[in-house]
Amino acid sequence: MESPGRYPHQMRPGPLRRALVRAAWILAAAALIWGLYSLPYDILRTERIRAYGEEETQGVVLDRIESADKDGRPLFLVRYAFQDDSGLTRQAEAPFPEDFYRTLRPGDPLRIFYARANPAVVRAQGQLEPWFQAHLRRFLQR
């Protein structure tokens, strides 16, 4: 018979229960490590910079580029230019949905948002973004 715990009605857990508890802790630690490894830190860093505020400006489409992503799916990129508050002209490129991409021509205006803290962190209205990034931005704006 197993020895009692602190109270006479309590029994010490058996070897099977101890093994199950140990396995549960190991699985929980592995899940935590995997979760931290899977976090998109580049997106978190970008949205943290944007959380300090964004400026809106007018950009201009410079070029349209059709290519393929690493999986061979079509990718519709637009290269555009805009001017930040300091008067510096900056260029960027972003992926867009095909239907919106087809409506754009070089010289067309484009609504641009750039971070006050770092104007190199920029996005264009309508560009494709990862699901996590769009929802994180909405959460941080609350």
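**Aromatic pairs and ring contacts**

Guide: A search of this whole structure, which is a predicted model, finds three aromatic pairs.

Visitor: Nice. How are Phe 76 and Tyr 101 arranged as a pair?

Guide: Phe 76 and Tyr 101 are tilted, with 5.1 Å centre to centre and 45° between the planes.

Visitor: And which parts does that pair tie together?

Guide: Phe 76 belongs to strand β2 (residues 74-83), while Tyr 101 belongs to helix α3 (residues 98-103), so the pair links parts that are 25 residues apart in sequence.

Visitor: Is Phe 76 buried or exposed? What about Tyr 101, buried or exposed?

Guide: Phe 76 is buried, at a relative accessible area of 8%. Tyr 101 is buried too, and its relative accessible area is 1%.

Visitor: Got it. What's the geometry between Phe 96 and Phe 100?

Guide: Phe 96 and Phe 100 also make a tilted aromatic pair, 5.5 Å centre to centre with 35° between the planes.

Visitor: How accessible is Phe 96, and how accessible is Phe 100?

Guide: Phe 96 has 1% relative accessibility and counts as buried, whereas Phe 100 has 30% and counts as partly exposed.

Visitor: Switching to charges: what sits over the ring of Tyr 101?

Guide: That would be the charged end of Arg 64, 4.6 Å from the centre of the Tyr 101 ring. Tyr 101 is also the partner of Phe 76 in the tilted pair.

Visitor: And where does the charged end of Arg 123 sit?

Guide: The charged end of Arg 123 is over the ring of Phe 113, at 4.5 Å from the ring centre.

Methods: Residues numbered from 1 in each chain as written. Predicted model: local features only at pLDDT ≥ 70, side-chain atom pairs only at ≥ 80, totals over all residues. Heavy atoms only, no water. Phe/Tyr/Trp six-rings, centres within 6.5 Å; stacked < 30°, edge-to-face > 60°. Helix = DSSP H or I, 4+ residues; strand = E, 2+ residues; numbered from the N terminus. Buried < 20%, exposed > 50% of the residue type's maximum accessible area, 1.4 Å probe, protein only. Lys NZ or Arg CZ within 6 Å of the ring centre and 35° of its normal.
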